[in-house]
Amino acid sequence: MQAIGDFFTWLFNDTTGVICLIGGGIVICLLIALLMERKTKQRYFNHEKTDSDWDLFDDDDDE
């Protein structure tokens, strides 16, 4: 049990431990986002863009 306590002490109190914690969180979030994007593309593979579709970046200029 002392090893687990030492690990958590290192993880939250040491600078390198906090950096590893933040880096691990970023990697986990990126993996989750990639998996969700892949499943979404598989589910809606034949979706054609219509005039009523909302676009965040508004790539289509009507000028």
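Tutor: Let us begin with a term: helices (H or I, at least four residues) and strands (E, at least two) are DSSP runs, numbered from the N terminus. This is a predicted model, in which local features need pLDDT of at least 70, side-chain atom pairs count only at pLDDT 80 or more, and totals for chains, interfaces and linings use all residues. Residues are numbered from 1 along each chain as its sequence is written, and side-chain values use heavy atoms, with hydrogens and water left out.

Student: How many helices and strands does the chain have?
Tutor: The chain has two helices and zero strands.

Student: Where does Phe-7 lie?
Tutor: Phe-7 lies in helix α1. Its C-alpha atom is 8.9 Å from that of Gly-17, a residue 10 places away in sequence.

Student: What share of the chain is buried, then?
Tutor: Of its 63 residues, 3% count as buried. The accessible surface of the chain is about 6400 Å², and 62% of that belongs to carbon and sulfur atoms. Such areas come from the Shrake-Rupley method with a 1.4 Å probe; for residues, only the protein chains shown count as cover.

Student: At what angle do the axes of α1 and α2 cross?
Tutor: The axes of helix α1 (residues 2-13) and α2 come within 5 Å and cross at roughly 85°. That makes α1 roughly perpendicular to α2. Axes are lines fitted to C-alpha atoms, for helices over the stretch in contact, and angles run from 0 to 180 degrees between N-to-C directions. Angles under 35 degrees count as roughly parallel, over 145 as roughly antiparallel, 65 to 115 as roughly perpendicular and the rest as oblique.

Student: Which residues meet there?
Tutor: Trp-10, Leu-11, Phe-12 and Asn-13 in α1 meet residues of α2, including Thr-15, Val-18 and Leu-21. Contact means heavy atoms within 4.5 Å.

Student: What does Leu-21 touch?
Tutor: Not counting residues up to four places away in sequence, Leu-21 touches Leu-11 and Phe-12. Leu-21 lies in helix α2 (residues 15-43), and its C-alpha atom is separated by 6.8 Å from that of Leu-11. At 38% relative accessibility, Leu-21 counts as partly exposed.

Student: And what is Val-18 in contact with?
Tutor: With neighbours within four places in sequence left aside, Val-18 is in contact with Leu-11 and Phe-12. Val-18 is partly exposed, at 31% relative accessible area.

Student: Changing topic, how many disulfides does the structure hold?
Tutor: The structure holds zero disulfides, a disulfide being a pair of cysteine sulfur atoms within 2.5 Å. Cys-20 counts as partly exposed at 45% relative accessibility, whereas Cys-29 is exposed, at 53%.

Methods. Buried < 20%, exposed > 50% of the residue type's maximum accessible area, 1.4 Å probe, protein only.
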